[in-house]
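Dear colleague,

Please find below the structure that I am handing over to you. My findings follow directly after it.

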Amino acid sequence: MRPTPLGIVAALALIPVLAGCFVSGTGDPGAPAGSGGRLRVALAVPPVQALSPYSNDATVLSKLSVAEGLTALGEDGAAAPALAKSWSRKDTTTWVFELREAKFHDGTEVTAESVVNALDHAGAAKTKPRVLSDVTLTAKAEDADTVTISTKTADPVLPFRLASPALGIFSAKAYADDGTVSPIGAGTGPFRITNLTGKTKATLDRFEDYWGGKAEASGIDVTWIADGAARANGLRAGEVDIAEWIPTAQAKLLDTDTRHEVPSVRTDSLVLNTAGGVFADASLRAAAREAVDGSALVDSVFGGYADPAQGLFGPAVPWAADKRVEVSGRATAATTDQVKSKTQGTTLRLATYTNRAELPEIATVLQQQLEKAGFTVQQDVREYTQMEADLLAGEYDALVFSRVTLLDTGDAVAYLTSDFSSTGVYNIARVKDSAVDQAITSAAEEGDTAQRQQKIMRAEAEVLRTDAVVPLVHEKVVQGIGADVEGVRLDPRERSLIGLDTRLK
Amino acid sequence: MISTKSTGADARPPRWRAGAGRVAAGTTLLTAVALLPWLSATDPALTVLRARSADQDPTPAQLAAVREQLGLDEGPFTHLGHWLGGLSRGDAGTSWVSGEPVLPQVTSAFAVSTTLMLGALVVTIAVAALISARTLCLGSRQALPPGRGGTGAAFLAALPKFLLASLLATVFGVWLGWFPSSGWEGPSSMVLPALALGVPSGAMIGGLLDHSLPATFHEPWARTWHAGGFSSGHVARSALRGALAGVLPQLLPTVVALVGGAVAVEKIFNIPGLGRLALEAAIAQDLPPLQTATLALALLGVAAGLLIQAMRHVLLGPALRDGGLTASHLPALRPRRSTRLVAGLCALTLLTLVVAGLLRDPLHVDTAARLLPPSAAHPLGTDALGRDLLARLGHGALRTAGLALGVTTVSIVTGLLLGMAGRVTAGLTEVMSTLPAVLIGLLTTAVTGPSVWGAAGAVCLIGWTPYAAQAAALLEQERASGHILASVSCGAGPTHLLRHHLLPAVLPAVLRNALLRLPTTVLVLASLGFLGLGEQPPTPEWGRLLAENQPYLELAPWTVLGAAGALVLLSVLAMSGTAVGRRKARGATTR
């Protein structure tokens, strides 16, 4: 690199001209970032709608403890009090929530009116948040700190639903006339957003009037770094204190005391198209299931950061293992010769997408496993949005798919319904099976938590019986956390990251 | 096409023609972009919904809501009309995804990218200067050895920018901590990305300059000046002016194009530049920012083109207009023995690699043999899936080199034809030069759907710009030289001129340019894979080998070393091989 000094000198000479073109954070420019107990955090997914809770950005608001809903999800997956200190079910469709005394970041009080206003806006959003897709809420202020919420049909998981980041409660000033929501300085959490710079940076300060006490860290400096290797580099170079989602290829480069693995609710599976093509034949699906070995992926593709699949729901769903139902009544797998004669050399179109680096590698391993069982395989690997329409239209025989099994309700039924019920909008496997539908419906209607979990596992067994989906691995997330940081929340649902007690040692 | 009039002293083509060419090219491009969602089979409501929220269920009701909100049913031309109308009031509309005004986003991204490009330009100039310094120094004393290699330039130009970027970020950002490993917060965060972008570009520009300088020094005036006792500095300056005028247009597709075309480096260094903005908008089919970015890039291309044209005119002076240039032709140089040696060595190594690789299985996955370092069993090691890298390299060689050469040939022919068409196509060249390959890739997918040949087609669509710019500049200079005037006055027709004077003057330089760009072509071809263009995995291909192993650069450097080395070998071989080959061909005809 002989030209280096020249380049540097020349670049330095340009400083005065170019000083205006860099992304400057706000606050005191003299104080180095990270000083005074401020945390420097690198997040992976840049904001798409200026942190609107009705978009992808909602999780940022909960990860950084900016927004809260009426409820929150506890570590055991049950609904816990948040802005509502308690609640009760008046009848099958009506719930009463008692609010606690809390303040918004702009100094106004959290009242029943403001909660109703926030929920009404969520319901009226032009594209409804996913969490409201199968329910219609009507909120009413009974008095200053009591809200009743009624649903059109019985909704046993309403308290879970209200924990969704999309249903965070913001002060009146957050809601603009054109339907947009800006959470800046309008949330209720222990941290307050003071500034958002495009899709690159955000500054948060501690909210001194938080109802649950003061946060340990005095503020958070957020940088969005979409590239996983760059996030890992940032942590290794000491430029950030916390870097989320370190790619498995980079994880081994981090010091052991800075990499923390968390089982994730994300399951990678092979989805087979049951409605047409090669896998309309149940015995061929069974042959694919027997041919595919997800455990081979754990140490290779995932470098150890995954668990072999036990079903649709992995170790991150704590109750799943104890309640798992044995799968019975599966079709008999075709032998290699039968596969060859049945497919007649028809090419199996195996799709996957590039957005998650591991998926194309999985597809290549599976291709070899399937070819060994007699299939002829052709891969189609593209960017997700480039192929989603084709996927939903059933253009492929098989898809290597990475899916979050507990969606924003924190309840597994939503995932089962959209992916495997005959009316599901995300039913890529095109399952139309009355037993599966029945099992999912019965789980959806169950109000008792333990019973509901049991019924969910029964539905899982029904889905697996059809061989429409072959679970491969349960992913683990590697969070990069600097050695001098403590109290980071390692959440399988990837909903929280920084809390009250997160701080620099 | 080529009129004898345009070679004469009064041959300035009317300015309006060049202007009309620019407007036509810009309009066509913007219309094509505006039609993207309607051309592609993918519903923009779905891509916009997906960009807003990854978890959102694509129910018909949700899609209808998005469609209504964006007014997608009004059709493309209403949208284009609205957008153009808004532009005249300084309003570029709001993003379909974020709902925020587009202009501030695009302006800031444009400023960031332009700053980065200027940084890369500085590095480019420095590297180009270093590469051509020796030739300039010796040439000005008429002491050039009778042969040149140019292998150093070929070596540097073959370095993939994203690999260089990863390497620099790791070494200088993480290990040494001299510069920030990512971000865009001050001049210090500019150094590494500027180096990653500028070193290969500089090698390319330097390689071309180094190639045209000897010809300039071979001109009679240079020898006369030298004999007449002019200082070597004086000779060098004058020679540089002539050589630079021919090379300057290459800055447009090589450096200015980095404003929109540095996506990979922008990602690695987390720079909020225009390349990433355009890519995200294109993937989400978010038209307002995409159109605005395209317009900004097209305007930049035209502005840079005009600036470069003006600089050339200053460099060449009135001689260009008055037909007073001397012809600069390559002296028949004998390639140095070392060049032949290098060519032979490269050929031998590549051949060994390919033959050894072809004997092995490139697709066999062995998850137990993950990321093994080179050994007797796996001479180049294994990749993350335990596949033998030597086998993948060998099996990918023919496909990679064949496709890249094919695309390059088509590009050269297109470039020459458009370059000869004169100033009318200058606008098209300028507009297309700055266009990111991904955008053309998306437009190609929209029309053809995912296909094996799609990547080649897309690259052919933009790959011609460097050659057209170069051919146009060289032809202009050639036409203004005395011997063409003489030929014309002796009654030479256009075909004769073309065959005996113009093409021989242009072709060697264009060829060298193409060879220097060969590795870039390989990488661009592979970079369109995520759109479904090109061969699907697991087919081995060098560009894919580099891209899929890039994450393992630090953990297992051998995974990229093989492919990167092979690319360098190919490039050096092509360069030195043609030097040897041309000498042989010349020898045969003069004998």
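In this predicted model, 68 residues of chain A are in contact with 74 residues of chain B. Between them, the two chains bury about 6300 Å², and 62% of that area lies on carbon and sulfur atoms.

One salt bridge pairs the side chain of Lys201(A) with that of Glu185(B), at 2.9 Å from N to O. Lys201(A) belongs to strand β9 (residues 201-206) of chain A and Glu185(B) to the loop between α7 (161-175) and α8 (188-218) of chain B, so this pair joins two chains. In another salt bridge, the side chains of Arg50(B) and Glu388(A) meet at 2.4 Å, again N to O.

I then turned to helix α22 of chain B and the helices that pack against it.

Helix α18 (residues 389-420) of chain B and α22(B) have axes that come within 7 Å and cross at roughly 40 degrees. Angles under 35 degrees count as roughly parallel and those from 65 to 115 as roughly perpendicular; α18(B) and α22(B) are therefore oblique to each other. The crossing of α18(B) past α22(B) is right-handed. On the side of α18(B), the contact is made by Thr408(B), Ser411(B), Ile412(B), Gly415(B), Leu416(B), Leu418(B), Gly419(B) and Met420(B). On the side of α22(B), Tyr467(B), Ala468(B), Ala471(B), Ala472(B), Leu475(B) and Arg479(B) take part. By class, the residues of this contact between α18(B) and α22(B) comprise nine nonpolar, four polar and one charged.

Helix α10 (residues 232-247) of chain B packs on α22(B) at an angle of about 135 degrees, and their axes are 8 Å apart. Since an angle must be over 145 degrees to count as roughly antiparallel, α10(B) is oblique to α22(B). Here Gly242(B), Ala245(B) and Gly246(B) of α10(B) meet Ala473(B), Leu474(B) and Gln477(B) of α22(B). This contact of α10(B) with α22(B) has three nonpolar residues, three polar residues and no charged ones.

Helix α15 (residues 287-316) of chain B also has a contact with α22(B) (residues 465-479); their axes come within 13 Å and cross at roughly 30 degrees. These two helices, α15(B) and α22(B), are therefore roughly parallel to each other, and α15(B) passes α22(B) in a right-handed crossing. From α15(B), the residues in contact are Gln309(B), Arg312(B), His313(B) and Leu316(B), while α22(B) supplies Ala473(B), Glu476(B) and Gln477(B). The contact of α15(B) with α22(B) divides into two nonpolar, three polar and two charged residues.

The peptide bond from Pro537(B) to Pro538(B) is cis, with omega near 5 degrees. Pro538(B) is placed in the loop between α24 (494-527) and α25 (542-549) of chain B. In chain A, Ser65(A) has a positive phi of about 55 degrees although this residue is not a glycine. The position of Ser65(A) is in the loop between α2 (58-63) and β2 (71-73) of chain A.

With kind regards

Key. Residues are numbered from 1 along each chain as its sequence is written. Chains are lettered from A and ligands numbered from 1 in the order in which they are written. This is a predicted model: local features need pLDDT of at least 70, side-chain atom pairs count only at pLDDT 80 or more; totals for chains, interfaces and linings use all residues. Side-chain values use heavy atoms; hydrogens and water are left out. Axes are lines fitted to C-alpha atoms, for helices over the stretch in contact, and angles run from 0 to 180 degrees between N-to-C directions. Helices (H or I, at least four residues) and strands (E, at least two) are DSSP runs, numbered from the N terminus. A crossing is left-handed if the near helix is turned anticlockwise from the far one by less than a right angle, and right-handed if clockwise. Contact means heavy atoms within 4.5 Å. Ala, Val, Leu, Ile, Met, Phe, Trp, Tyr, Cys and Pro count as nonpolar, Asp, Glu, Lys and Arg as charged, and the others, Gly among them, as polar. Buried area is the accessible area (1.4 Å probe) that two parts lose on being put together, summed over both. A salt bridge is a side-chain nitrogen of Lys or Arg within 4 Å of a carboxyl oxygen of Asp or Glu.
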